[in-house]
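Load the model in a viewer and keep the selection tool at hand.

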Amino acid sequence: TPQKIPTVDYHTHNPNIPPGTGIINLPRAVILAPDTFQPVPGGLYSAGIHPWWTSEEDLRQEQAGVAQLARHPQVVVIGECGLDSLRGGTLDRQLAILKWHIQLATAVQKPLTLHCVRAFHHLLALRKQLPNKAGHTNKANQTPAPRMVIHGFRGGPTLARQLLSAGFELSFGPRHNADSYQLTPPHLRHQETDANPE
């Protein structure tokens, strides 16, 4: 059965938070050397290839690291990964790597954390190619898509409704649109600090 996302700080880069109070996004150094991963007891983590890293030449090593970490029981979320039209590799390359993350998240039955900057139309188009919603399929014997959570969502209500109706969940940081937050159903809404290391 798919893992339930804990009600904690959904996305942080600060490794020094008390164990279990947030999902710590693992840094690139750990992705490249997964054997160095030393989770604290009770800690929760996420592992993925950030779109900013997609122009790097060691993509295969990154993918191998994420694939290894994804199977660790304390890595509860895959990502952050996604699309960024302002930074990183080409959009085609970012899309290919995002599709790889979706396949991995489906295989390990863990949710996916998405970073998206000025590329929501591409994300919505990709979502239409996947099974309807997490837990539902549109073809016989097709594995349902993983839960997909857009982190740090700052968009307005129109975009929020579009994403929610397409099957995405939204995670809100300190800076967000209050109307979008209010219209997001509690079971599809997460909160995060996106804090950096102290």
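In what follows, Ala, Val, Leu, Ile, Met, Phe, Trp, Tyr, Cys and Pro count as nonpolar, Asp, Glu, Lys and Arg as charged, and the others, Gly among them, as polar. The model is predicted: local features need pLDDT of at least 70 and side-chain atom pairs pLDDT 80 or more, while totals for chains, interfaces and linings use all residues. Residues are numbered from 1 along each chain as its sequence is written, and side-chain values use heavy atoms, with hydrogens and water left out.

**Stop 1: the largest pocket**

A pocket here is an open set of points on a 1 Å grid over the protein atoms alone, where a 1.4 Å probe fits and protein lies on both sides within 12 Å along at least five of seven lines; lining residues have an atom within 4 Å of a point. Volume is the space filled by probe spheres set on the points, which are joined across faces, edges and corners. The largest pocket holds about 560 Å³ of space. Select His-115, His-151, Gly-152, Arg-154 and Asp-194: among the 25 lining residues, these are the closest to the centre of the largest pocket. The lining of this pocket comprises eleven nonpolar, nine polar and five charged residues. Next select strand β5 (residues 112-117), which supplies the largest share of that lining, three residues. Strands are DSSP runs of E with at least two residues and helices are runs of H or I with at least four, numbered from the N terminus.

**Stop 2: the salt bridges**

A salt bridge is a side-chain nitrogen of Lys or Arg within 4 Å of a carboxyl oxygen of Asp or Glu. The count by this rule is three.

Select Arg-28 and Asp-58, whose side chains form a salt bridge at 2.7 Å, N to O. This pair spans 30 residues of sequence, with Arg-28 in helix α1 (residues 28-32) and Asp-58 in the loop between β3 (44-47) and α2 (59-69).

Which of the accessibility classes does Glu-62 fall in? Buried means under 20% relative accessible area, exposed over 50%, and partly exposed in between (1.4 Å probe, protein chains only). Glu-62 counts as buried because its relative accessibility is 0%, whereas Asp-58, at 26%, is partly exposed.

Move to Glu-169 and Arg-147, another salt bridge, with the closest N and O atoms 2.8 Å apart. Glu-169 is in strand β7 (residues 168-172) and Arg-147 in the loop between α4 (120-128) and β6 (148-150), 22 residues apart. Glu-169 is buried at 6%; Arg-147 is partly exposed at 22%.

**Stop 3: the cysteines**

Select Cys-81 and Cys-116. The closest cysteine sulfur to that of Cys-81 is in Cys-116, 11 Å away, so the two are too far apart for a bond. A disulfide needs a pair of cysteine sulfur atoms within 2.5 Å, and a search of the whole structure finds zero. Cys-81 is buried at 0% and Cys-116 is buried at 12%.

**Stop 4: Phe-172**

Finish at Phe-172 in strand β7, which is buried at 2% relative accessibility. Contact means heavy atoms within 4.5 Å. Beyond four places in sequence, the contacts of Phe-172 include Phe-153, Tyr-181, Arg-189 and His-190. Phe-172 and Arg-189 are 17 residues apart in sequence, with a C-alpha to C-alpha distance of 7.6 Å.
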